Structure formats: C-alpha cells, structure tokens
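Please prepare a short briefing on the structure below.

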Amino acid sequence: MKFSFYYGALLLLPFGVVGQQVQKASITIDAQHKMAEISELQYGQFVEHLGRAVNGGLYEEGSRLSDKDGFRKDVLEKVKALRTPLLRYPGGTFVKTYHWEDGIGPKATRKKRRNLIWGGLEDNHFGTAEFITYCRKIGAEPFLVVNMSTGTPEEAANWVEYCNGTEDTYYANLRRADGFEQPFNVKYWGIGNEEYAETDAGKHQDVNVYIKDTWQFLKLMKLQDNNLKFILVGNSEDKAWSQKVLEQMGPVCDYLAIHLYSIPSDTTYQTLIKSIDDFEKPLVDMETLLNKMPAKVDKFSNWYRFPARKEPIKLAVDEWGIWDIHSGKGKGLYNMEYQYNWSHALGVATFLNLFQRHSESIGMATWAQTVNVLAPIMTDANGSYRQTIFTPLKAFRDYAGKYALAATVNSPDMGSGIKSLDVASSVNEKGNQIVLTIVNRDPEHAVASSLKLEHLPISFKAATIKQVSYTGKSLYAVNAPGHEDAVNKTETIKKLNLNKMEVLLAPASLTVLVLEAKP
Ligand code: AHR
C-alpha cells in the first residue's frame with residue numbers, strides 16, 4: 001500500500017537563523033518515481049602529475065609523515081574518508097607527453113624528465129605500480145589515460161599488457177619482475193585527454209584525425225584485453241565534435257568524456273553559482289546526442305576479434321570542478337593551488353545535485369583533483385588539512401542513495417535569476433531510506449520549505465528523520481593548516497511527524513535529510 005503524507009514538524013532553527021527573514025518554498029518527492037540508478041562512479045577523483053598533486057601531495061618519499069612506500073599517511077587517511085570509488089591518472093594534459101615505461105621498475109633507474117606541460121621535474125618515482133597500490137589502499141577502481149599525442153597505439157597496448165596480462169608475455173612478465181604477480185585488472189581506459197585543445201601539446205584538433213587514431217589505439221588495446229571499457233574524448237562546448245565521435249565510434253565507445261569547469265569571470269558569489277547552474281544546458285545537449293545512439297550494437301564485424309560494447313553509452317565527466325582564479329595563492333598560472341571558501345563548497349554541492357539529477361546519462365565523474373591542485377586536501381611539510389569543499393564531496397558520498405528520485409521544487413529567487421534552492425533526492429536499494437540533498441544558495445535568507453512525499457511506502461509510518469546541516473562561518477570562510485573550523489555541522493534526529501513537515505534551511509547551507517523507515 002502506498003500513500004502520500006504532508007508532514008508538519010517545524011524542525012529546529014539552525015544557529016544564526018533567528019531574526020532573519022524566512023522565505024517559503026515547497027519540495028515534492030515521488031518516492032516511487034526512480035529516474036535512474038546513480039552510478040557510484042559519480043563520486044570519483046582525479047590525480048595528475050601537476051605541481052604538488054603527486055610529489056609533496058599524496059606521495060612524499062623520505063617524509064616523516066609517509067609510510068615506507070612513500071605514501072603520505074595523513075593524506076591517505078583523508079582520501080580514504082572520501083571513499084573514492086574511481087581514481088583517474090596520470091592526466092590531464094600531462095598525459096600528452098607521458099611515457100608509462102618511465103614510471104616502472106626500480107626507482108633508482110627510472111628516467112627523470114622535465115614536466116613539459118606543467119613545469120618542474122618529474123622523477124617518475126610514482127608510476128603505474130604506485131598508482132595501483134594507492135587505488136588498492138583507498139578501495140578505488142583505477143582509470144588510466146593513454147598518451148595519444150607523443151605515444152603510439154603499440155605503447156598503449158603494451159601498457160594494457162603490463163597491467164592486465166596473465167600469460168607468459170614480455171610486459172606481463174615485466175610486471176611480475178616488478179613484484180606484482182597478480183594482474184592489476186585495469187578496466188577503465190581513457191583514449192587521450194581534451195584532444196581538441198589547440199594550445200595543448202596534442203595533435204588531434206581535427207575530430208576526424210582523433211577518430212582515426214582512436215580506432216587504432218582502441219583496437220590494439222582491446223586485442224590485449226577485450227574486457228576494457230573506453231572513455232573517448234567528447235566536448236560539451238562543441239556538439240559537432242561529440243556527435244562525430246559518437247557516430248563513428250559508437251560501437252566501441254563506452255563513455256563519452258566531457259569536462260565541466262566553473263571558471264567564474266568575477267569574484268561575485270552569484271557569478272559562481274550561475275556558472276554551475278549553466279551546466280544544465282550542455283548536459284542536456286550531450287544527452288540529446290546520446291539518446292540518438294542505439295542502446296546495443298546490432299552488427300559488428302567478427303574480424304575485429306573483440307566484441308562491441310554491450311551497454312548504452314554514458315557520459316564520463318572525467319574532470320569537473322571550480323577554477324576560481326581569484327582565490328589562488330599567486331604562485332603562477334599553472335599552480336592551481338586554489339583556496340576554497342564556503343561559497344565554493346555550496347557550488348560543489350550544486351554540481352553534485354546536478355549530476356545526481358542527470359544520473360541516467362552520467363556513468364562516472366571524477367572531481368579534478370585530489371591533493372593540493374584544485375583540491376579538497378592540502379599539504380605542507382608538517383601535515384595536511386581539508387578545504388571546505390571536502391564537506392560536500394564527503395556528504396554526498398556518504399548519504400546518496402542508489403536510485404535518483406524525481407523532485408519538484410518551488411523555490412524563491414535569490415536574484416540574478418538564480419533559484420535559492422537546489423535539490424536532489426534518492427532512495428536506497430532496500431527502499432527504506434530516502435535522502436534529500438538541499439542547497440539553500442541564498443546567503444541572505446533562510447528558507448522554510450514544506451516537504452511532500454508522494455507514494456510513500458507504508459513502512460514510513462514509523463520512521464525517523466535525520467537532518468544534517470552544514471553552514472559556513474561566513475560565505476568566504478576558509479580552512480587553514482591547523483584550523484579546520486570554517487564549516488559548522490549540526491545533526492538532529494527525530495520521529496517523522498506524519499501530518500505535516502517543514503524543513504528550515506539556513507542561509508548559504510547544505511542540508512541532508514535522511515528519512516528512514518523502521519522495520
Ligand atoms: O585539471 C587540470 C587540467 O585541466 C587538466 O590537465 C586538463 O585536462 C584540464 O584542462
């Protein structure tokens with residue numbers, strides 16, 4: 001039996017709201033309308049050899065803070081807390097001049113090179129095996145990207161053999177000689193990165209050239225291991241590029257990659273939030289292209305010697321994030337050690353809601369990046385700390401359910417055409433836990449929103465509601481070494497009142513509501 005409730009327990013006013021003008025909103029969730037399964041790969045991360053992301057970030061040989069393998073223990077503990085399901089590596093633009101064989105074997109003999117893309121020297125002490133070891137430590141699936149600019153299809157296929165080979169072959173034996181008897185079983189492989197970018201070291205600005213080369217890379221790699229899943233370069237700002245890649249590579253493209261970076265043109269909060277809301281359109285555009293593709297491939301020549309894809313093509317938002325060039329530490333254009341304040345954290349929560357609402361098309365997403373560079377975790381020689389954006393990244397990973405539910409929101413406007421509330425909802429596999437992630441982006445007004453839950457299973461008659469609210473000390477509050485105090489968290493839990501429910505959302509807040517039916 002299903003029924004609808006309109007609940008009416010005014011939840012406690014979060015600290016700081018008293019005395020402010022409260023606006024009204026309404027949120028309606030259809031508890032039975034599962035829009036799509038949420039891929040847990042939506043909560044991935046990205047690591048590139050860029051600045052202090054690897055060396056001095058998650059890896060620091062000889063540091064008193066590192067373990068015997070050189071992994072920074074303090075950083076590892078924080079990365080683990082994010083429960084990253086997928087880790088993308090080694091770039092990014094860096095990959096365009098990266099030769100994976102530089103990063104294997106005894107460290108003393110690894111080739112030291114200039115990092116031509118991002119500057120500095122690369123000693124290659126963190127390479128394939130270290131990356132895989134890191135993935136194993138944090139429980140993430142590895143996602144490798146191949147160099148299709150200065151690298152060759154054969155080099156990429158050899159990398160597959162090194163990682164996944166099980167027979168008595170040269171590269172599989174090389175892995176064994178490096179101390180890894182068992183194959184790494186790397187399933188996700190990106191063929192190039194932003195290959196359309198004219199200013200980069202790549203050579204594929206013409207989509208036809210990209211397609212021709214990709215076929216050759218992909219064929220040789222798939223002949224090594226036909227279980228691989230490929231992520232091909234799309235472009236959300238160039239529909240013609242994306243359409244052509246889909247049309248020509250459709251039978252073997254598992255994911256179409258797009259990068260969504262908010263790069264606000266000025267320092268205002270409104271500009272930041274709007275730049276993220278504006279990603280709705282390119283996502284819909286990409287979905288329109290995907291929807292034209294057949295879910296399964298009918299005809300595929302046996303002479304390829306490997307099967308075509310079996311699942312519908314999904315989007316891989318394999319780089320997303322916020323480049324607030326106004327909040328950097330002024331250490332140079334390529335430094336990207338941006339400082340994230342609470343307003344950025346609200347932006348990240350908005351992004352995550354957006355992805356959740358587009359779960360039908362988004363098969364994976366990897367936040368760019370993980371440590372020091374565009375990062376939720378920052379280090380120095382004495383320790384590390386979490387930036388404000390760590391909060392939403394962790395909250396969504398911890399609370400989001402398995403299926404996205406449809407939510408209808410009636411929200412006030414906070415000016416500049418921006419809705420105050422941004423909402424996503426989900427339900428767990430068992431159907432006994434419904435979650436709402438609500439961002440009140442309005443920095444001036446609290447919002448009291450009614451909550452209507454349609455087609456709620458009868459089991460929710462005896463349920464609890466947990467409200468976890470995150471607010472910043474101010475919109476521009478930041479954490480700093482030794483001071484992770486920019487974000488306040490409050491948590492209340494009570495019996496669900498079946499007659500009426502209204503939730504009070506503090507200005508500039510992220511609220512997670514967890515409704516849990518009791519057995
Ligand atoms: O994440 C930093 C850089 O941003 C990546 O190397 C590149 O792919 C993107 O433009």
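The points below are grouped by topic.

This is a predicted model, in which local features need pLDDT of at least 70 and side-chain atom pairs count only at pLDDT 80 or more, while totals for chains, interfaces and linings use all residues. Residues are numbered from 1 along each chain as its sequence is written, and side-chain values use heavy atoms, with hydrogens and water left out.

**Ligand site**

- The ligand takes up the space of the largest pocket. A pocket is, on a 1 Å grid over the protein atoms alone, an open set of points where a 1.4 Å probe fits, with protein on both sides within 12 Å along at least five of seven lines.
- There are 14 residues around the ligand, and Glu48, Thr93, Asn193, Tyr261 and Glu319 come nearest. A residue counts as near if one of its heavy atoms lies within 4 Å of the molecule.
- The shell divides into 6 nonpolar, 5 polar and 3 charged residues. Here Ala, Val, Leu, Ile, Met, Phe, Trp, Tyr, Cys and Pro count as nonpolar, Asp, Glu, Lys and Arg as charged, and the others, Gly among them, as polar.

- Glu48 places a side-chain N or O atom 2.8 Å from an oxygen atom of the ligand.
- Thr93 uses its backbone: an N or O atom there is 2.9 Å from a ligand oxygen atom.
- Glu319 has a polar side-chain atom 2.7 Å from an oxygen atom of the ligand.
- On its own the ligand has 280 Å² of accessible area, of which the protein covers 94%. Accessible areas come from the Shrake-Rupley method with a 1.4 Å probe.

**Salt bridges**

- The structure holds 26 salt bridges, each defined as a side-chain nitrogen of Lys or Arg within 4 Å of a carboxyl oxygen of Asp or Glu.
- One of them joins the side chains of Glu337 and Arg52, at 2.8 Å from N to O.
- This pair links distant parts of the chain, 285 residues apart: Glu337 is in the loop between strand S12 (314-322) and helix H9 (342-357), and Arg52 is in the loop between strand S4 (44-46) and helix H1 (73-81). Helices (H or I, at least four residues) and strands (E, at least two) are DSSP runs, numbered from the N terminus.

**Backbone geometry**

- Tyr89 and Pro90 are joined by a cis peptide bond with omega of about 0 degrees. Pro90 is in the loop between strand S5 (86-89) and strand S6 (113-114).
- A cis peptide bond also joins Gly91 and Gly92, with omega of about 15 degrees. Gly92 is in the loop between S5 and S6.
- Met336, a residue other than glycine, has a positive phi near 55 degrees. Met336 is in the loop between S12 and H9.

Technical notes. Polar contact = N/O pair within 3.5 Å; in protein donor to acceptor, adjacent residues only side chain to side chain. 1 Å grid on protein atoms, 1.4 Å probe; cavity = no way out; pocket = protein on both sides within 12 Å on 5 of 7 lines; lining within 4 Å. Sits in = over half its atoms within 2 Å of the grid points.
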